[in-house]
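User: I have a structure open and want to go through parts of it. Can you take my questions as they come?

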Amino acid sequence: MSHKFKTYNQQQNWLFPPSIEELIPQDHPVRIVNGIIEHLDLKPLIKAYSKDGQPSYHPKMMLKVMVYAYMDNTYSSRKIEKAMRENINFMWLSNRQVADHNTIARFRSTKLKGAFKDIFRQVVLLLAEEGLVALKEVYTDGTKIESAAGRYTFVWGNAIKTRKEKMVQQLEEMWEYAQSIADDEDKDPTPPDFKKVGKEKVEQTARKINKILKGNDKATAKAKAKARYIKKNFAANLEKYGQQEKLLAGRNSYSKTDPDATFMRMKDDHMQNGQLKPGYNVQISSEDQFIVNYTVHQQTNDLHTLRPHLENYQYLYQSLPESLTADAGYGSQENYELLSNKGINAYVKFNTFDWEQNKTGKKKKKNASTFHRDQLHYNEKEDYYVCPMGQRMDKIFEGKKTAKSGYKQTYSKYRAKNCKGCPIRGACFKGKNERVVERNHILEHYKKKAREYLLSVIGQAKLKKRTADVEPVFAHVKHNRNFKRFTHRGLDKVELEFGLHALAHNIRKKSA
Ligand code: SF4
């Protein structure tokens with residue numbers, strides 16, 4: 001008995017060749033992409049094209065292809081070009097037109113750049129029209145995503161500072177040495193001010209040092225060589241450090257191959273060695289797991305990202321959410337004040353909120369010390385603390401602190417009258433003199449308000465929802481879609497790159 005196979009004949013002709021349209025299932029996500037982009041107003045994108053020259057591929061087609069590529073985990077322009085040639089979904093979207101990878105890359109980096117936020121906004125507003133988001137209650141969180149830069153391309157702010165200081169010190173030492181052996185006519189009674197050195201001053205001083213040392217029998221060969229080295233290198237080095245400081249722009253580090261990236265501690269530390277890697281801090285606000293706002297930052301700390309993040313939200317929707325829920329990483333006086341001024345209900349934890357709850361709740365912490373400042377009684381009316389031994393701690397000082405962002409906070413200090421011979425001193429505090437505690441009255445006021453919000457029924461529900469709303473979005477984008485590293489460099493480009501991921505995420509979620 002012979003084998004049975006289905007007929008296979010590559011030469012067999014179709015009587016009615018199927019159209020690509022017929023081959024794509026009605027519920028395929030590519031149709032959702034097509035439908036959504038058909039509804040968008042693409043005037044800002046069209047504006048990015050010149051009216052002169054050869055006709056370009058239609059921006060609507062390019063946008064559909066680009067968004068679908070991100071949904072399909074196809075990010076490189078060469079792979080997108082290949083997909084336009086071989087993948088039936090891309091072929092349907094592009095009507096079988098094939099843009100080359102340079103055109104695709106140009107579309108992404110130049111044409112789409114200026115118009116993308118508007119496109120993202122329109123898609124979110126479409127989701128709102130369909131009742132999938134209300135833009136009222138948002139959940140905000142951040143994650144660090146690695147830059148495309150090499151991991152060992154760091155430039156550290158502290159190293160530049162140290163090198164500069166060392167350089168100035170060497171210059172000063174050399175100047176003093178030269179003066180000590182200088183002939184009378186070369187002696188300079190007014191030495192340069194080494195506290196403030198610029199390129200010109202370094203050049204001038206190095207020239208003077210070399211002039212004194214040259215042909216001076218008292219100068220050693222080593223000193224002469226060092227003076228020549230200073231003359232040759234110091235001014236150029238100083239200029240280089242100045243440029244590096246400009247690139248740092250207040251940060252502690254940057255990468256040589258992506259100067260916008262800052263070295264940060266990543267959550268996904270597969271080497272488990274706590275190594276800092278170049279990256280960006282991505283902030284999102286989500287609603288029912290849809291991303292309604294995203295911003296990319298160079299600061300490692302989430303604290304200072306909330307203001308620009310909310311500004312972006314306001315720019316997108318000309319309004320602000322009614323409530324914002326976030327973890328303790330955002331609980332600062334500056335942020336509480338910002339949210340309060342903007343009329344947003346802040347369900348934002350402060351750094352000791354969980355500790356407070358655990359010490360009274362079921363998960364009572366063993367180290368919930370009765371000596372902790374927050375455990376001491378504070379008399380609000382008369383403005384004093386009472387220490388664990390019942391001693392009154394009076395206010396001794398009021399000062400101001402300035403945060404990295406420039407925000408100023410006022411704080412007060414309270415000191416115990418006499419801690420000498422106290423039997424519980426060892427457990428109470430470690431200092432040599434009387435115990436001093438610090439209090440920020442405005443922050444305490446905001447913390448009290450936040451505590452009330454967070455412990456309310458709505459607050460508890462929001463805290464629970466936070467872990468099921470914004471956190472899974474990052475998990476999905478990073479782990480399910482395997483987006484753990486940017487492929488582009490520079491803040492503008494990585495912001496667009498994440499934006500495309502966010503848009504693809506929203507459309508994917510809508511079609512799920
Ligand atoms: S050490 Fe000082 S502050 Fe602490 S309990 Fe004793 S007296 Fe009070």
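User: Which residue in β11 is the bridge partner of Y384?
Analyst: The partner of Y384 in β11 is D394. Strands here are DSSP runs of E with at least two residues, helices are runs of H or I with at least four, and both are numbered from the N terminus. This is a predicted model, where local features need pLDDT of at least 70, side-chain atom pairs count only at pLDDT 80 or more, and totals for chains, interfaces and linings use all residues. Residues are numbered from 1 along each chain as its sequence is written.

User: Over how many bridges do β10 and β11 pair?
Analyst: Strands β10 (384-386) and β11 (392-402) pair over three bridges, in the antiparallel sense. Two strands pair if DSSP finds at least two bridges between them.

User: What order do the strands of the sheet have?
Analyst: The order is β9-β10-β11-β12-β13, an open sheet of five strands with antiparallel pairing. The edge strands, pairing on one side only, are β9 (377-379) and β13 (436-439).

User: Switching to the ligand, which residues are around it?
Analyst: The residues around the ligand are C387, P388, M389, Q391, A416, C419, C422, I424, R425, C428, F429 and R435. A residue counts if its C-beta atom, placed from the backbone, lies within 6 Å of the molecule.

User: And what is that shell by class?
Analyst: Nine nonpolar, one polar and two charged residues. Ala, Val, Leu, Ile, Met, Phe, Trp, Tyr, Cys and Pro count as nonpolar, Asp, Glu, Lys and Arg as charged, and the others, Gly among them, as polar.
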